[in-house]
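Trainee: I have a model open and would like to learn how to read its features one by one. Could you take me through it?

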Amino acid sequence: MKKIAVIMGSDSDLPVVSKAADTLKSLGIPFEMHVFSAHRTPEEAKEFSANARKNGFGAIIAAAGMAAHLAGAIAANTTLPVIGIPMKSGNLGGIDALLSTVQMPSGIPVATVAVDGAVNAALLCAEILAVTDDVIAAKLDAKRAADTAKVLEKNKAVEDQFNI
Ligand code: RP5
């Protein structure tokens, strides 16, 4: 099975990014976590992304805050799918990172999830792998069914409490 790379610009991103790790773990998908910064360790970020395909990765998550150019810098050096997580950090509450990550010019795509959207980033990676992996596809179907059951249960509790 292909691995997922989970890269963050700073270890200060870890409390949010660890939710992507938890999600991948729950689906049995192998992954690696790294701290590479587009501006503090640009050579390491480049080296990792340039070699990611031959090192067995199938997609890359890149989380960064503020003037967040990590996902774009990673995507510049690979044709693997790159999913950007704009992080809520600094004075602008994540709007800076959201615009920096989502507004990639044509030619180098970054699929951007919500601000701090680590769970969806991991699920999107799982969906990418599930195109050719029936085991992951089945796990995603089971998760959807379980999530639906939980909401139906909550609906029933509210209906029982308020509706005559
Ligand atoms: C970004 O700047 C990181 O991704 C982080 O979200 C933000 C702040 O980093 P630290 O100053 O906490 O290392 O590069």
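Trainee: Which residues form a nonpolar patch on the surface?

Mentor: A patch is made of residues with over 30% relative accessible area and no salt bridge, where nonpolar side chains (Val, Leu, Ile, Met, Phe, Trp, Tyr) are joined within 5 Å and like charges within 9 Å. Here Leu92, Ile95, Leu99 and Val102 form one, and together they have about 360 Å² of accessible area. Accessible areas come from the Shrake-Rupley method with a 1.4 Å probe, and for residues only the protein chains shown count as cover. Keep in mind that this is a predicted model: local features need pLDDT of at least 70, side-chain atom pairs count only at pLDDT 80 or more, and totals for chains, interfaces and linings use all residues. Residues are numbered from 1 along each chain as its sequence is written, and side-chain values use heavy atoms, with hydrogens and water left out.

Trainee: Is Val102 buried, partly exposed or exposed?

Mentor: Buried means under 20% relative accessible area, exposed over 50%, and partly exposed in between (1.4 Å probe, protein chains only). Val102 has a relative accessible area of 39%, so Val102 is partly exposed. Val102 lies in helix H4, residues 95–102. Helices (H or I, at least four residues) and strands (E, at least two) are DSSP runs, numbered from the N terminus.

Trainee: And what does Thr101 touch?

Mentor: Contact means heavy atoms within 4.5 Å. Leaving aside residues up to four places away in sequence, Thr101 touches Ala68, Ala71, Gly84, Pro86, Val110 and Thr112. Thr101 is also found in helix H4, and Thr101 is buried, with a relative accessible area of 4%.

Trainee: How many helices and strands are there in the protein?

Mentor: The protein has six helices and five strands, and along the sequence they follow the pattern β-α-β-α-β-α-β-α-β-α-α. Of the 164 residues, 39% are buried. Among contacts between residues at least 6 apart in sequence, 66% join residues at least 24 apart.

Trainee: Which residue has a positive phi of about 60° although it is not a glycine?

Mentor: That is Met66, in the loop between strand S3 (57–65) and helix H3 (70–75). Asp116 also has a positive phi, near 65°, and is a residue other than glycine. Asp116 sits in the loop between strand S5 (111–112) and H5. Met66 is partly exposed at 45% relative accessible area, and Asp116 is partly exposed at 27%.

Trainee: How many salt bridges does the count come to?

Mentor: Side chains of opposite charge can pair when their charged atoms come close. A salt bridge is a side-chain nitrogen of Lys or Arg within 4 Å of a carboxyl oxygen of Asp or Glu. By this rule the count is five. In one of them, the side chains of Glu32 and Lys3 meet at 3.2 Å, N to O. That pair links distant parts of the chain, with Glu32 in strand S2 (residues 31–35) and Lys3 in strand S1 (residues 3–8), 29 residues apart.

Trainee: Where do Glu127 and Arg144 lie?

Mentor: Glu127 forms a salt bridge with Arg144, their closest N and O atoms being 3.4 Å apart. Glu127 is in helix H5 and Arg144 in helix H6, 17 residues apart. Glu127 is partly exposed at 37% relative accessible area, whereas Arg144 is exposed at 59%.

Trainee: Why are Lys150 and Asp147 separated by about one helical turn?

Mentor: Because they are three residues apart in helix H6. Lys150 and Asp147 form a salt bridge with closest N and O atoms 3.9 Å apart, and Lys143, Asp147 and Lys150 are linked in a network of salt bridges.
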